[in-house]
Structure formats: structure tokens, C-alpha cells
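I opened the notebook to look through this structure entry by entry. Short notes follow.

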Amino acid sequence: MRAAVALAWEFWGRHRWGLAGAAALVAGFAAYTAAAPLTALGATLSTLWFVMALSYVIGVFAYGFEARLEAAESGFPPRLYVLPVPTWLLVGWPMAQGMLAAVAMWLAWDGLVLRPAGVETPAWWVPMLAAVVACAQALVWLPFGVAWLRVGVMALALTALLRSGAYFDDAAVQARALTGVAAGLVPAAFLVARSGVARARRGDNPEWGWFRRPAGGESVAPAGRERAPFASAMAAQTWYEWRLRGRGYVAAVAAVVAVLAAVALFEQPSSRADFGLVFLFVPPLIAAYWGAAAGSPGESIRSTALSTFAATRPLDGRAMVAAKVRALTLAAAATWLVVLAFTAGWVAAADGFERLGRTWEASVERQGRATAVGFCALFAAGLVGGTWRALVANLWVGLAGRTWLVPLQTVVMSLPAVYLFAEGVHWDSDPARRERLLAALPWIVSAAVAVKLLAAGGFVYRDGASRVVGAWAVAAAGLAAALVWLVPPALVPAHGVVLGVVLLLPLARLTAAPRALAWNRHR
Amino acid sequence: MVAVPSEFSGNVIEVAGLTRRFGRKAALADVRLAVPRGGVFGLVGVNGAGKTTLLKHVLGLLRAKAGTVRVFGRDPAADPAGVLGRVGYLSEEPDLPGWMRVRELLRYTRAFYPSWDEAFAEELRAAFGLDPAARVKHLSKGQRARTGLVLALAHRPDLLVLDEPSSGLDPIVRRDILAAVIRTVADEGRTVLFSSHLLHEVERVADRVALIDRGRVVFSGGLDDIKGTHHRLTLRFPGPLAAPPPLAGALAWDGAGAEWAALCSGALDELRGAAAGCGAQVVAHRVPSLDEIFVARVGEKATAPVEG
């Protein structure tokens with residue numbers, strides 16, 4: 001009993017602030033709803049925040065923040081193996097707590113936020129949520145014989161579970177069937193997890209190296225190629241960053257696109273071509289997550305301090321940051337090559353080019369060829385540039401090597417979104433408030449631009465980054481010119497476009513990166 | 001504005017008035033140290049004495065908040081590339097990137113050092129039995145230490161910094177490390193800064209030694225000078241004593257009854273005179289080991305710190 005209390009304390013004590021934050025999010029929305037009920041759309045959109053909090057809670061109870069999902073070994077913390085506790089308790093207790101916490105959160109959200117807003121949810125979601133938590137835990141803790149296999153299996157299994165409702169037409173049948181499936185999955189997940197952790201506990205991690213081994217031959221480490229020396233220290237450092245952070249991003253995007261493609265195969269043939277558009281949004285979406293960790297200087301994305309090995313490279317901070325940016329730029333370019341090639345093949349296979357051609361002709365007819373080409377180029381530049389921006393804009397947070405900066409930055413960057421969301425709730429119902437906001441918008445944007453340029457100027461003055469500033473100015477001028485040409489002045493005036501571009505293109509945070517690294521490297 | 005003429009003064013490292021606090025604890029307190037060019041400089045002290053903190057300042061991994069640190073006349077935190085390009089470093093737990101293969105690690109590291117000697121690197125790799133295709137994370141602790149040693153030596157650094165390099169390693173690896181130290185200083189003008197609490201190793205290879213205790217340099221000087229000013233005297237008193245009498249220069253006592261051994265600091269003649277003044281006869285004298293001096297200096301019976 002005391003062992004169970006101690007194991008529980010590790011979750012609730014260690015992650016008390018995060019779990020309290022998740023509870024506070026639910027309580028905050030519930031209080032807001034009690035005071036002024038949300039619309040059905042508002043409640044549904046707010047559920048995105050809930051999903052983020054729920055993902056965090058599942059991560060906590062799956063030991064997800066200390067596991068390396070891409071590793072072949074079990075993600076269960078080895079430090080717990082030496083405790084004098086049976087494996088069923090090591091596995092079952094976190095599973096029970098994870099399922100209870102997730103279900104309690106959902107019931108609170110459903111009862112206090114969704115239902116008052118008139119959003120009805122099926123009852124089978126509760127057991128299915130428990131099953132999703134248990135399966136996620138089992139997959140994190142199960143040793144796989146090959147690196148990265150877990151990521152693919154998790155993506156497929158969890159997507160299949162989350163989309164399970166779509167496979168039924170009759171609601172009653174759906175409820176009965178999926179409740180039964182969930183009820184069966186929970187004990188199955190426990191047994192799988194128990195078996196996997198028991199195996200890992202006795203050091204019996206599987207090695208599925210058979211596909212690299214010649215038939216009947218011995219398993220040998222690949223000798224690797226003898227390669228020419230790097231041309232320069234910068235080339236070596238770029239390679240290092242590419243291996244550490246760059247190619248993983250390409251693989252992650254490819255895996256997500258592959259899973260989406262697998263899901264799309266179950267769709268009606270007529271709508272399969274539409275998934276081509278969905279694929280195009282995967283790189284920037286994954287980049288938003290990847291970029292948050294890309295600045296992390298260590299081998300693991302969770303490591304904050306620079307390893308001594310990395311810190312003692314005879315390279316100055318600006319060169320180290322430049323290498324990181326180069327590697328991520330390379331990753332963005334490689335990713336888009338892969339995604340574009342796959343999407344083109346997918347659309348061709350789904351006979352989508354004919355429809356795409358008709359859409360293009362209609363667009364040319366409506367807007368003129370030059371404008372249509374301009375919008376297409378802007379759309380493409382927006383996706384590719386947005387991907388790059390998401391990858392590099394927040395490098396400074398990871399490079400600074402202070403764990404407290406991550407939540408601080410998240411909160412600060414979320415504040416405008418929260419404010420806009422609050423304004424959006426009253427957008428139609430309070431015209432006077434809307435007019436006040438629209439009148440203040442130019443001042444708010446101008447103030448933000450001033451703060452950004454002052455901050456960037458400060459960093460450039462202290463560290464020097466004339467090439468970055470030059471490249472930024474060229475990109476900003478080009479983008480602003482294109483937008484001024486394409487966007488009707490009645491919609492957004494030219495000065496508004498320019499201010500928006502200045503805000504959009506990263507400068508202050510990029511120029512802050514070397515200083516952030518120095519703060520970490522020379523403590 | 002980082003160049004100061006310390007290279008012209010013959011010192012590779014100059015530390016002056018360096019103080020560093022972590023919270024309320026002073027990790028370093030007004031440390032002054034000069035490491036001359038050429039030879040092996042041993043930095044000794046118990047765990048937590050401040051050796052690693054001092055070495056991190058030398059490497060620029062910690063910025064001097066009070067006092068100054070100059071390596072080759074430069075501030076290592078302000079000019080890391082200029083300093084680290086001439087330094088080879090090996091720590092107790094070399095945190096090498098585990099995902100790299102040994103061959104990749106050598107190829108990667110080579111790019112940073114124009115002076116990299118590929119033939120020497122290959123010679124060391126072969127001598128240490130390192131498989132170029134092996135991943136670093138699959139190497140044993142001793143093999144990782146050897147890999148780190150190859151990386152630290154192959155560019156023939158002007159300054160080799162070793163932070164507790166042989167702690168927890170088997171005698172074969174420790175021998176390799178000591179051989180590397182000797183080999184490095186065989187090249188004229190190269191310097192080794194060697195931190196350890198394995199004093200017999202330091203004693204074997206060091207020309208100069210500094211003892212750090214609770215963040216302060218207790219003494220610093222040539223190993224011969226230090227040993228020349230410390231003596232272990234065996235004293236015989238006329239009758240049994242419950243405790244040894246006060247003796248000028250005595251750092252530590254050991255014994256019982258009428259015969260006591262004192263580890264003393266000072267000139268031998270003066271110590272003999274002081275012993276006679278206490279009514280004792282010096283029946284034996286020998287030069288103490290560095291280990292004994294260390295224990296006497298930092299043990300509970302040690303006297304107040306003295307700048308050596």
C-alpha cells in the first residue's frame with residue numbers, strides 16, 4: 001500500500017503544477033460558462049485547449065516526458081525496475097491513475113462546458129477515452145525491436161481508435177460495439193504493457209535486426225562508409241544539427257502523411273483527391289511542434305543545458321546558431337520535396353488533376369492569370385515560409401537552456417490568442433466593442449512593430465547580425481510588395497500590409513538566438 | 001579587447017580574484033592561480049572542493065562574475081572559438097553524442113581543428129582498440145574515456161585539460177591516460193592541467209600542484225618545493241602524553257603514549273628546534289607523500305589555509 005502511495009506521489013507531486021494547470025483550465029472554462037454560456041461553436045473550439053491539456057495529462061501518466069518514443073527500448077523508466085514492487089503494480093497503478101484522471105477531466109469538461117452550450121456527446125466516448133489512455137501507455141512502455149517503429153504504430157493505432165466512431169452508421173450499434181471494444185482494450189492493453197515491462201525489466205529487449213541481416217548470417221554492425229572530411233567546421237556543425245534535429249522532422253512529417261494516406265484509403269474514392277490538400281498542411285503543423293523543441297541544445301529534446309562536448313566546440317555562438325538554422329532550412333526544403341512529390345503522386349492516382357485544372361481555369365477566368373499565379377505563389381510561399389518560420393522562430397527558447405522560459409513563452413505568446421478568442425465571442429453581439437477594437441488595431445500593431453524592431457536593434461547592436469538583417473529586409477520588402485499588389489486596399493490598406501509583414505517575419509527572436517546560446521553556454 | 005599579455009609572461013592560464021557562488025555556497029573564493037607554459041599542473045582537492053568549477057571557468061563554460069580568467073591571454077567566455085581551438089578536454093564522464101559512430105565522431109571533431117593529425121588519431125584509435133563502426137552509446141565506460149582521449153589529443157592541443165579523467169576507470173585505461181599526459185608534454189611547450197583526487201597519479205606526472213579546499217587555493221607550487229617544505233617527523237617524548245603538545249608548523253598528529261608522528265610544514269632545522277623546545281627527540285624523518293600532505297592540509301586537523 002505504501003508503495004502504491006509513493007508511486008502515486010511521484011505523478012501528483014512531481015507534476016503538481018502542470019496537473020493543477022490542466023485542472024485550472026477546466027475550472028476556468030467551467031466558471032466562464034457558468035457566468036456567460038458559450039455558443040456551441042465556441043464550446044467546440046474551446047475543446048482544442050482541453051485536448052491539449054488532456055494530452056499533457058496522458059503524457060504525465062505514461063511517463064511520456066522521460067521516454068524516448070523513437071527508441072526501440074521500452075519507454076518505462078528503468079529507475080523503477082529496481083523497486084521491490086511486482087510488475088503488475090508498476091504497470092497497473094499508473095494505468096488506473098491515468099484513466100481515472102483523463103475520464104474525470106472529460107466528465108468535468110463535458111458536464112460543465114459542453115452540455116451547458118448545447119453540445120451533446122455520446123456516452124461511449126468515456127470508455128473509449130479510457131481505452132485510448134491505456135493503449136497509449138501500453139505502446140509507450142512496450143519494447144519494440146526497431147527504432148521509430150513505436151511512433152508509426154502509435155500513430156496508426158491511436159488514429160484508428162479516435163476515428164472508430166466513423167465506421168458505424170447506426171448510433172445504437174455504434175455505442176454498443178465501441179463500448180465493448182473499449183472494455184476489451186483496457187485489459188488487453190494492461191496485459192501487453194505488463195508483458196512488455198516485465199521483459200524490459202529483465203533486460204530482454206527484442207532486437208528485430210533480421211531485416212538488415214543477410215539470410216543465415218550473423219548480425220553485424222554496419223561498417224559505415226569512409227567519407228571525405230568535412231569542408232569546414234560550419235559544414236560539420238550543420239551535419240550535426242541535421243542529424244540531431246533536422247532529419248527527424250522530415251521523418252515525422254513523412255510518418256504523419258503516411259498515416260493520413262492510410263486513413264484516406266478508407267474514404268470514398270471521390271473524396272480521396274481532397275486529401276492532397278490536407279497533406280500540404282502537415283509540414284507547417286508538425287513544424288509548430290518541432291520548432292518548439294528544435295532549439296534544445298542537447299541530444300534529447302528535453303535537455304536544456306548544453307552538453308560539455310557541444311559547449312567545448314571551438315565555434316562561436318553565432319556560427320552554432322547559423323548551423324542550426326541551416327540544418328532546419330535544409331529539413332524544411334527536404335520535407336517539402338517529399339510532401340510535394342507524394343501529393344502529386346496521390347492526386348494523380350486519385351484522378352484529381354482534372355478537377356484541379358478546372359479549378360485553376362475558373363480562378364484564372366475570375367481574377368486574371370497574373371493575379372491567380374500571384375495568389376498561388378503566395379500560397380506556396382506561405383506554406384513553405386511558414387514551415388521554415390515555425391522551425392526557426394523559437395530557437396532562442398531552447399538555446400537559452402532555462403526550463404522556466406518554455407512555459408513563460410507559451411503563456412506570453414498565447415495571451416494575444418486568448419484575447420482574440422474572447423473578442424471573437426462578442427464579435428457579432430457587441431458592434432460597439434468590435435468598432436473600438438478595429439479602431440485600436442493599427443495602434444496595437446504599430447506598438448508591436450516598434451517593440452519588435454527595438455528589440456532586434458538592441459540584439460544587432462550588441463552582437464552584430466548585418467547579414468540576417470539584410471536578408472530579412474529583402475524578404476520583407478518582397479513579401480510586402482507582393483501582398484500590396486494582391487490584396488485589395490479596401491480590405492487591408494498598404495500600411496497595414498507592411499506592418500503585418502514586419503510582424504510576421506521573424507527578426508528579433510532570430511537575432512536573440514546567439515545571445516540566448518551564450519547565456520546557456522557561459523553560465 | 002580580450003588580449004592581455006599573459007602569454008608573454010609565460011603563463012598559459014592566469015586566474016585572478018575569481019569568486020563564484022551558487023546560491024549561498026561559495027564554490028570558489030578569491031582564487032588566484034597561474035599555470036606556466038610547459039609541464040603538468042595538478043589540481044587536487046576533495047570532491048566538491050571547486051576543481052571542476054575552476055576548470056569550467058578555464059574552458060569558458062562558466063563566465064567569471066568576479067575576478068578574471070585568461071587562457072592564452074584571452075577571456076574564454078568572450079572568445080570561445082579562439083581559446084577552445086587550442087585546448088583538448090577530457091572529463092570524468094565524457095558526454096559524447098551517443099548516436100554517433102566512432103568514425104563519425106572523429107570525422108566531425110576533425111573539422112573544428114586545423115591542426116588535427118589524422119595519422120595520430122588513427123594510431124591512437126587503433127592502439128585503444130576502438131571499433132570505428134561502433135556507436136558511442138554502446139561503448140563501455142573505459143572505451144568512452146579512450147574515445148574522449150583521442151578527441152582531446154589528436155589535434156595536438158597547446159593545453160590539455162583533464163578533469164578527473166581516470167575516476168572509476170580500470171588500471172589499464174588509467175595507464176593509457178597517464179601515458180597520454182606524458183606523451184603530450186613530451187612535445188615541447190605543451191601544457192597539461194590535470195585535476196584529480198587520485199593523488200598518487202598526480203604525484204607521478206605533475207611538475208606543479210595546487211590544492212583547492214572549500215573553494216580556496218590552499219597551496220600552490222612546484223611538487224618538489226611542496227615536498228621539500230613538508231616533513232613527517234617521528235617524535236619521542238620523555239613520558240606518555242594524552243595529546244600532543246603545540247608545535248609550530250605541525251599540520252597533523254598521529255600516535256599515542258610517548259611516541260607521536262607529526263606532519264609539519266617548514267624548514268627542517270626550525271622544526272627540529274621546535275621539537276626540542278617541546279622536550280621531544282626526533283627519532284625519524286621522511287618526506288611525506290602528496291597523499292599525506294593533502295590529508296593533513298584538508299583533514300579536520302588542518303590549520304587555517306595558507307597561500308603557498
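**Entry 1: cores**

Which residues of the largest nonpolar core touch the most other members? I noted first that I am working with a predicted model. Then I looked up the core, and the residues are B:V161, B:L193 and B:F194. The core holds 80 residues. I asked which strand gives the most to this core, and found β11 of chain B, residues 250-265, with seven residues.

I followed up on B:F194. Leaving aside residues up to four places away in sequence, I listed its contacts. B:F194 touches B:V40, B:F41, B:G42 and B:L43 in one run of numbers, and also B:L162, B:V181, B:V202, B:V205 and B:A206.

I also found a second, separate core. That core has 61 residues, and A:F275, A:A331, A:W388 and A:V397 are among them.

**Entry 2: chain B overall**

I counted elements next. Chain B has 10 helices and 12 strands. I took the extent of its C-alpha trace along the principal axes: about 70 × 45 × 40 Å. Of its 308 residues, 44% count as buried. I then checked contacts in chain B with a separation of 6 or more, and 71% of them join residues 24 or more positions apart.

**Entry 3: the three-stranded sheet**

In what order do the strands of the open sheet in chain B run? I read β11-β10-β12, with antiparallel pairing. The edge strands are β11 and β12 of chain B, each pairing on one side only. I get an average twist of 30° from one strand to the next.

I looked at each pairing in turn. β10(B) and β11(B) are antiparallel and share eight bridges. In that pair, B:L241 stands opposite B:G257 of β11(B).

Two helices pack on this sheet, and I noted both. Helix α9 of chain B, residues 268-277, touches β10, β11 and β12 of chain B. The direction of α9 makes about 10° with that of β10(B). Helix α10 of chain B, residues 290-298, touches β10 and β11 of chain B. The direction of α10 makes about 90° with that of β11(B).

On the other pairing, β10 (residues 230-241) of chain B is joined to β12(B) by five bridges, again antiparallel. Here B:R236 faces B:Q281 of β12(B). I then asked how many of the six residues of β12(B) are buried. The count is zero, and this strand, residues 281-286, is hardly covered.

I moved to β1 (residues 11-22) and β2 (residues 25-36) of chain B. The two strands pair in the antiparallel sense over eight bridges. B:I13 has B:V35 in β2(B) as its bridge partner.

**Entry 4: where the chains meet**

**Entry 5: a helix pair in chain A**

I looked up α6 (residues 149-162) and α8 (residues 233-264) of chain A. They pack at an angle of about 35°, and their axes are 10 Å apart. The crossing of α6(A) past α8(A) is right-handed. From α6(A), the contact takes A:V151, A:G152, A:A155, A:L156 and A:T159. These meet A:A255, A:V256, A:V259, A:A262 and A:V263 of α8(A). I sorted this contact by class too: eight nonpolar, two polar and no charged residues.

**Entry 6: one tryptophan**

Last, I checked A:W519, which sits in helix α21 of chain A, residues 508-521. Why does A:W519 count as partly exposed? I counted 17 other C-beta atoms within 10 Å of A:W519. A residue needs 20 or more to be buried and 12 or fewer to be exposed, so a count in between is partly exposed. I also took the distance from A:W519 to A:R402: 9.4 Å, C-alpha to C-alpha, across 117 residues of sequence.

Methods
Residues numbered from 1 in each chain as written. Chains lettered and ligands numbered in written order. Predicted model: local features only at pLDDT ≥ 70, side-chain atom pairs only at ≥ 80, totals over all residues. Helix = DSSP H or I, 4+ residues; strand = E, 2+ residues; numbered from the N terminus. Pairing = 2+ DSSP bridges. Core = buried A, V, L, I, M, F, W, Y, C linked by C-beta atoms within 7 Å. Contact = placed C-beta atoms within 7 Å. Axes fitted to C-alpha atoms, helices over the stretch in contact; angles between N-to-C directions. Left-handed = near helix turned anticlockwise from the far one by under 90°. Nonpolar A, V, L, I, M, F, W, Y, C, P; charged D, E, K, R; others polar.
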